[in-house]
Amino acid sequence: DDEESLLIADIKQLLIANNAVLVAHYYTSPVIQALADSTGGCVSDSLEMARFGRDHKAQNLVVAGVKFMGETAKILSPEKSVVMPTLDATCSLDLGCPIDEFSAFCDQHPDRTVVVYANTSAAVKARADWVVTSSIALEIVEHLDSQGKKILWAPDRHLGAYIQKQTGADMLMWNGECIVHDEFSAKALLKAKYLYPDAGILVHPESPASVIDLADAVGSTSQLIKAASDMPNQTFIVATDKGIFYKMQQMAPGKTFIEAPTAGAGATCKSCANCPWMAMNGLQALKESLISRVGKEVFVDPTLAERAMLPLNRMLDFAA
Ligand code: 13P
Ligand code: SF4
């Protein structure tokens, strides 16, 4: 509509005027992703967001996603200013892994290599030996396991269990989960499969093991998008945040994508999986973050940032 078009035009001008680039996650709304695409920014998974922000020449980064993504951008580019449409967009994995308890857990297991998911606070990253995202977690754990390392894994127990099953690594788990993916249900997914027997099933590994067991492809957001275009199926049932459909449709035009149902939702449902924190990234809030940084700028304690940069760079170097 008109109001939306005006906001988009304003944001485009402000990005140029501020020497800023927009870095958006696949779970943000289609309008935000389209804006990032059309302004030379990027739409990607959490690993690529980190790399893009670090390597881009713009002095100012606008991160549309959740808090840990803004913090990661700031840690990797301390000289840049990083703003977010809202600083209140957090993540249940981050909330479920407070630094004091986590640090005590690590202290109890000094013989273990500490591997944390990117969906954590800067303080938790600062306590870690490695940071991983879902697109590189399997390879990094495989690498550590081949060196005979025992692992302390946090915070996502579903992703951890999936990696443990794949690699056979010795992993001690923190008990956290993503409230969005945790809701997917194998029983409901089986009903959807009866309705669409030829559909390929794509599952993000933050989902419960029983759901992962039904998958034809398991992977990070970018890996699922690639699977949707590479696999021969014309229809897919997708167990991850519905924001991903924007890119999937773009990368696999003509194919049909169906939301995987959550428990009790029936065989098909609309907006079953939509992260409430990702959804806070609206156009108006984005525009405001480009007008005034007050209350929108990401700050990370410099001592923590310096420490957290080590395991983050270890991941980026490994992935390169
Ligand atoms: P990826 O994009 O790295 O797969 O992460 C998924 C996620 O949950 C981000 O919030
Ligand atoms: Fe966190 Fe899940 Fe939302 Fe991703 S989808 S930000 S893991 S709560």
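This is a predicted model: local features need pLDDT of at least 70, side-chain atom pairs count only at pLDDT 80 or more; totals for chains, interfaces and linings use all residues.

User: Which way do the side chains of S7 point, and are they buried or exposed?

Analyst: Ile-151 and Trp-153 point one way, Leu-152 and Ala-154 the other. All are buried.

User: How do you know that S7 pairs with S5 and with S8?

Analyst: Count bridges. Pairing takes at least two. S5 and S7 have four, in the parallel sense. S7 and S8 have three, also parallel. Both counts meet the cut-off, so both are pairs. As for individual residues, Thr-113 stands opposite Ile-151, and Leu-152 has Leu-172 in S8 as its bridge partner.

User: What makes S10 and S12 edge strands?

Analyst: Look at the order. The open sheet of four strands runs S10-S9-S11-S12, with parallel pairing. Strand S10 (217-218) and S12 each have a single partner strand, so one side of each is left without a neighbour in the sheet. Elsewhere in that order, strand S9 (residues 200-203) and strand S11 (residues 235-239) pair over four parallel bridges. Leu-202 has Val-238 in S11 as its bridge partner.

User: Which residues does UniProt list for "binding site"?

Analyst: The unreviewed UniProt entry lists Cys-91, Cys-178 and Cys-275. They are spread over 185 residues of sequence, yet they cluster in space, with a largest C-alpha distance of 9.2 Å.

User: Why is Cys-91 called buried?

Analyst: Cys-91 has 26 C-beta neighbours inside 10 Å. The cut-off is 20 or more, so Cys-91 counts as buried. Cys-91 is in the loop between strand S4 (81-83) and helix H5 (92-95). Beyond its neighbours within four places in sequence, Cys-91 contacts Val-66, Lys-67, Phe-68, Asn-119 and Trp-277.

User: Why is Cys-275 called buried?

Analyst: Cys-275 has 23 other C-beta atoms within 10 Å, so Cys-275 passes the cut-off of 20. Cys-275 also sits in a loop, between strand S12 (256-259) and helix H14 (283-291). With neighbours within four places in sequence left aside, its contacts are Tyr-27, Val-180 and Asp-241.

User: Which residues are closest to ligand 2, and how does its shell divide by class?

Analyst: Of the 14 residues around ligand 2, the closest are Val-66, Cys-91, Cys-178, Val-180 and Cys-275. The shell has 10 nonpolar, two polar and two charged residues.

User: What surrounds ligand 1, and how does that shell divide?

Analyst: Ligand 1 has three nonpolar, seven polar and two charged residues around it. Among them are Asp-45, Asn-119, Thr-133, Cys-178, Glu-206 and Thr-221.

User: What confidence scores does the model carry?

Analyst: The protein averages a pLDDT of 96, and 100% of the residues score at least 70. The model has ipTM 0.97 and pTM 0.96.

Technical notes. Residues are numbered from 1 along each chain as its sequence is written. Chains are lettered from A and ligands numbered from 1 in the order in which they are written. UniProt positions are given in the numbering used here, feature names are shortened, and annotations may be inferred rather than shown by experiment. Helices (H or I, at least four residues) and strands (E, at least two) are DSSP runs, numbered from the N terminus. A residue is buried if 20 or more other C-beta atoms lie within 10 Å of its own, exposed if 12 or fewer, and partly exposed in between; C-beta atoms are placed from the backbone. Two residues are in contact if their C-beta atoms, placed from the backbone, lie within 7 Å. A residue is near a molecule or strand if its C-beta atom, placed from the backbone, lies within 6 Å of it. Ala, Val, Leu, Ile, Met, Phe, Trp, Tyr, Cys and Pro count as nonpolar, Asp, Glu, Lys and Arg as charged, and the others, Gly among them, as polar. pLDDT is the predictor's confidence in each residue, from 0 to 100.
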